[in-house]
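Dear colleague,

Please find below the structure that I am handing over to you. A summary of the findings follows it.

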Amino acid sequence: MSTPHFPQHVIARKRDGAELVREEIEAFARGATDGSWADYQLSAFLMACYLRGLTPRETGFLTEAMLRSGVVVDLSEIPARKADKHSTGGVGDKVSLHLAPMVAACGVAVPMISGRGLGHTGGTLDKLESIPGFRVGLSIPEYRAQLGRIGLSLIGQTAELAPADRKLYALRDVTATVECIPLICASILSKKLAEGIDVLVLDVKFGRGAFMKDRARALELAQTLTTVSKAMGKPARALLTSMEEPLGHAVGNAVEVEESIAFLRGASSRDLSEVTYALGEQMLLLAGTARDLADARARLKAGIDSGAALSKFRAMVEAQGGDPRVVDDPLRLPQASLRRALGSPRAGFVQDVDPMGVALAALRLGAGRARAEDPVDPAVGVTSLVKVGDRVAEGGALCQVLANDGRALEEALGLLRGAFVVGDQAPAPRVFIDGRVG
Ligand code: URA
């Protein structure tokens with residue numbers, strides 16, 4: 001007969017630095033799911049984890065217990081290999097929107113369950129919902145059927161997937177226990193591995209605009225994620241990517257969809273292109289669809305050149321109830337009523353674009369949400385952003401601000417003025433991909 005694992009005993013053992021056994025961690029995850037642990041006990045345990053850390057074994061047990069707290073989608077009837085990409089979040093990170101159809105165009109199925117924006121980072125679901133009619137709330141059978149039909153499904157988390165994470169993430173958010181690598185690992189992997197994937201590629205961002213500010217912590221997270229995923233039978237690889245300036249030229253919702261559609265037509269900034277191709281290459285390699293990096297890149301590029309990736313995107317929009325005409329006519333996306341350019345105070349080279357300054361301006365315009373229940377305005381945002389290294393004339397546009405409210409527009413302009421540095425010297429070229437793990 002197994003011993004009952006009373007919450008206070010498990011909390012005390014973690015508080016005192018013991019390594020917990022599988023059953024104790026399972027009791028905690030079960031307690032979060034069925035309500036048998038009170039919020040104050042869950043919170044105390046989370047704080048003990050934050051202060052004491054978790055060993056790799058404990059992190060594996062926790063990930064597995066949180067994954068098993070809900071449904072793990074079975075996609076075995078779909079013959080294609082299934083790969084997904086997860087990003088730890090950044091400013092202007094619209095990569096999923098165009099990368100998923102690019103990979104699907106190469107014959108790898110992409111079952112992607114994404115989140116909403118919170119705080120300074122945007123969310124894939126909010127961006128997709130700026131397409132008129134687009135439904136992110138497919139049921140699991142609909143998700144599976146669409147994946148079988150077109151090789152691509154991009155939906156929101158459902159109540160059946162990793163319910164322990166839903167409860168614990170909400171508590172972590174209000175108990176100052178988010179920034180704990182083992183808890184982050186279990187949270188991310190419990191959701192991603194519930195999708196029914198074969199392999200996973202992780203974009204672990206670091207820098208001013210990322211969740212992880214420094215590279216050493218990002219590396220530790222990447223190592224933890226790839227090790228635990230592999231131990232659970234799902235090969236994973238992580239790229240460390242820089243988030244020292246917004247990714248691409250646009251930050252918002254409809255404006256990012258427009259930028260992704262442009263990407264699928266072959267137009268991109270260098271940073272967005274490098275990050276997208278590097279992640280796509282790893283997805284094809286891990287899925288066994290490409291021989292090497294060069295082969296993977298050639299396949300992804302062929303999908304863009306032939307229009308196959310754009311067709312996949314269009315098919316996904318149509319399958320999920322969205323208006324596919326936005327693909328050819330982006331003016332059908334929600335449009336803001338006010339537009340203002342921010343002029344450069346001097347001529348020179350762009351030395352810096354602070355991602356947090358741009359993110360806070362977009363948040364002020366209404367493109368993001370400060371609290372989970374806030375609505376977002378799909379039309380507003382910041383677009384035509386210059387990139388570090390660009391040359392600008394005095395008075396030349398540093399960006400365009402799209403707003404639906406005059407006061408928000410003025411305040412966003414104020415925030416943006418402090419985000420750009422223009423100087424005489426051309427800055428050294430930036431490195432966008434700064435390491436690979438797994
Ligand atoms: N994203 C998640 O899904 N969970 C975390 O804990 C942090 C980022």
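Are Trp37 and Phe45 buried or exposed? Trp37 is buried, and Phe45 is buried as well; buried means under 20% relative accessible area, exposed over 50% and partly exposed in between, with a 1.4 Å probe and protein chains only.

Before the details, a note on the basis of these values. The model is predicted, so that local features need pLDDT of at least 70 and side-chain atom pairs count only at pLDDT 80 or more, while totals for chains, interfaces and linings use all residues. Residues are numbered from 1 along each chain as its sequence is written, and side-chain values use heavy atoms, with hydrogens and water left out.

Aromatic pairs

Four aromatic pairs are found when the whole structure is searched. Rings of Phe, Tyr and Trp (its six-membered ring) pair if their centres lie within 6.5 Å; planes under 30 degrees apart count as stacked, over 60 as edge-to-face and the rest as tilted. Phe28 and Phe45 form a tilted pair, because their ring centres are 4.2 Å apart and their planes meet at 40°. This pair links distant parts of the chain, since Phe28 belongs to helix α2 (residues 22-34) and Phe45 to helix α3 (residues 39-52), 17 residues apart. Helices (H or I, at least four residues) and strands (E, at least two) are DSSP runs, numbered from the N terminus. Both Phe28 and Phe45 are buried. The rings of Trp37 and Phe45 have centres 6.0 Å apart and planes at 90°, so this pair is edge-to-face.

The ligand

Which residues surround the ligand? They are Tyr169, Arg172, Ile184, Ser187, Ile188, Lys191 and Phe211, where a residue is near a molecule or strand if one of its heavy atoms lies within 4 Å of it. By class, this shell has four nonpolar, one polar and two charged residues. Ala, Val, Leu, Ile, Met, Phe, Trp, Tyr, Cys and Pro count as nonpolar, Asp, Glu, Lys and Arg as charged, and the others, Gly among them, as polar.

Oxygen atoms of the ligand are found 2.9 Å from an N or O atom in the side chain of Arg172 and 2.5 Å from one in the side chain of Lys191. A nitrogen atom of the ligand lies 2.6 Å from a polar side-chain atom of Ser187. The elements giving two or more residues to the shell are α8 (163-174) and α9 (181-192), and α9 gives the most, with four residues. Lys191 also has its charged end over the ring of Tyr169, 5.7 Å from the ring centre (NZ of Lys or CZ of Arg within 6 Å of the ring centre and within 35 degrees of the ring normal).

Other residues

Glu256 is located in helix α11 (residues 254-264) and counts as buried, because its relative accessibility is 2%. Its side chain makes a polar contact of 2.9 Å with the side chain of Lys127. A polar contact is a pair of N or O atoms within 3.5 Å; within protein, one must be able to donate a hydrogen and the other to accept it, and residues adjacent in sequence count only if both atoms are side-chain atoms.

Val317, in helix α14 (residues 308-319), is buried, with a relative accessible area of 0%. Ser139, by contrast, lies in the loop between α6 (124-128) and α7 (140-150) and is partly exposed, at 32% relative accessibility.

With kind regards
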